[in-house]
Amino acid sequence: MISDDIVVIAKKEIYTVKNITELNILKVKYLGKKGYIKTQFLLIKNLKKEEKINKSIILNQQKKKIKKIIIKRQKEIELEKNNKNFLNQKIDISLPGKYIEMGSEHPIKNIINKIEKFFVKIGFEIVVGPEIEDVYHNFDALNIPKHHPIRTEQDTFWLDKNILLRTQTSNVQIRIMKRSKPPIRILTSGKVYRNDYDSNHTPMFHQIEGLFIDKKITFIDLKSILILFLNFFFGKKCKIRFRPSYFPFTEPSLEVDILNQKKKWIEILGAGMIHPNVLKNVKINFSKYTGYAFGLGVERLAMLYYNIQDIRLFYENDIRFLKQFKFNNFI
Ligand code: DAH
């Protein structure tokens with residue numbers, strides 16, 4: 001009895017079983033060592049060559065078809081079982097759900113983003129510079145003489161005789177001026193390092209540095225841009241004080257203070273007209289071009305903005321502190 005009828009019979013039988021164990025019994029019955037197909041092969045062993053070939057082709061086709069039906073049925077039984085398990089599951093709707101805590105931007109990053117947005121709008125380009133710097137870019141090129149007290153005042157972290165962790169973002173001014181031609185209008189933000197630690201100082205803090213070089217840039221331009229920026233940042237009602245100051249890389253130089261809620265003046269930035277020696281160091285013609293630069297202390301601005309008393313809170317990663325800024329992201 002070599003015909004496709006056996007496939008039909010097998011299929012019928014395979015579809016009566018309800019579980020894998022029963023299915024395995026049928027698998028042995030049809031495809032096993034002593035199963036139907038193997039037995040049929042034995043029976044045709046002594047037939048004539050041509051007939052034997054024809055019958056074995058048919059037998060192989062039947063084997064393939066039955067195998068396919070068994071695999072299909074196996075998948076169906078497994079799926080039925082999974083569905084059943086799923087439907088039988090008991091869900092306790094009184095259990096509390098899983099709460100996913102949402103993170104947020106760090107307040108310092110928040111402040112940097114807000115400031116960058118303002119300066120990009122008025123045409124400044126955002127650039128980056130290295131935190132590991134050499135003496136030339138951090139001090140020499142900025143017209144800071146070898147034995148000038150600022151080198152010790154800034155409590156430098158030295159990595160080598162010539163290599164240090166930058167003490168100010170002003171290093172980026174030099175790197176940009178060296179490789180570009182005026183007009184130059186850039187803003188850079190990042191970490192700076194000084195060996196200092198108390199409620200107003202951390203060994204790592206952030207600065208934002210701005211630089212604008214073109215023909216006919218004046219001190220008035222500098223003051224205007226600072227007023228414009230501070231009004232945008234703190235609102236028009238904030239009290240600003242300009243104070244004459246000294247930096248080796250600017251002449252004249254100034255500092256800006258803001259009156260805090262306790263009526264105390266807090267210094268937030270240094271600025272000035274770029275010193276001709278600095279322009280000379282970077283090969284910019286100082287009889288043709290002038291420029292201004294400014295350096296902002298980001299933590300100081302953040303402390304004033306959020307009314308925070310101790311700078312160290314920014315870096316202790318106390319979740320209770322950080323959570324407060326969740327909804328303060330500037331969009
Ligand atoms: N680099 C100065 C500091 O860390 C801040 C500063 C002052 C930056 C005057 C400037 C500037 O670009 O013109 O104290």
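1. Strands here are DSSP runs of E with at least two residues, helices are runs of H or I with at least four residues, and both are numbered from the N terminus. Two strands pair if DSSP finds at least two bridges between them. The structure is a predicted model, in which local features need pLDDT of at least 70 and side-chain atom pairs count only at pLDDT 80 or more, while totals for chains, interfaces and linings use all residues. Residue numbers start from 1 along each chain as its sequence is written, and side-chain values use heavy atoms, without hydrogens and water.

2. Strand S6 (residues 240-247) and strand S7 (residues 250-259) pair in the antiparallel sense over 7 bridges. The hairpin that joins S6 to S7 runs through 2 residues. Phe-247 stands opposite Thr-250 in S7.

3. Strand S7 also holds Pro-252. The peptide bond that joins Glu-251 and Pro-252 is cis, with omega about -5°.

4. A cis peptide bond also runs from Pro-182 to Pro-183, with omega near 0°. Pro-183 belongs to the loop between H8 and strand S4 (184-193).

5. The ligand has 15 residues around it, and Gln-168, Gln-173, Arg-194, Gln-207 and Glu-209 come nearest. A residue is near a molecule if one of its heavy atoms lies within 4 Å of it. Helix H8 (170-179) and strands S5 (204-214), S8 (265-274) and S9 (290-297) each supply at least two residues of this shell. By class the shell has 5 nonpolar, 8 polar and 2 charged residues; Ala, Val, Leu, Ile, Met, Phe, Trp, Tyr, Cys and Pro count as nonpolar, Asp, Glu, Lys and Arg as charged, and the others, Gly among them, as polar.

6. Oxygen atoms of the ligand lie 2.6 Å from a side-chain N or O atom of Glu-209, 2.8 Å from one of Arg-194 and 2.9 Å from one of Gln-207. Taken alone, the ligand exposes 350 Å², of which the protein buries 91%; accessible areas come from the Shrake-Rupley method with a 1.4 Å probe.

7. Two residues other than glycine have positive phi. For Asn-143, phi is near 65°, and this residue is in the loop between helix H6 (135-138) and helix H7 (150-153). For Lys-216, phi is about 60°, and this residue lies in the loop between S5 and helix H9 (219-234).

Methods: A polar contact is a pair of N or O atoms within 3.5 Å; within protein, one must be able to donate a hydrogen and the other to accept it, and residues adjacent in sequence count only if both atoms are side-chain atoms.
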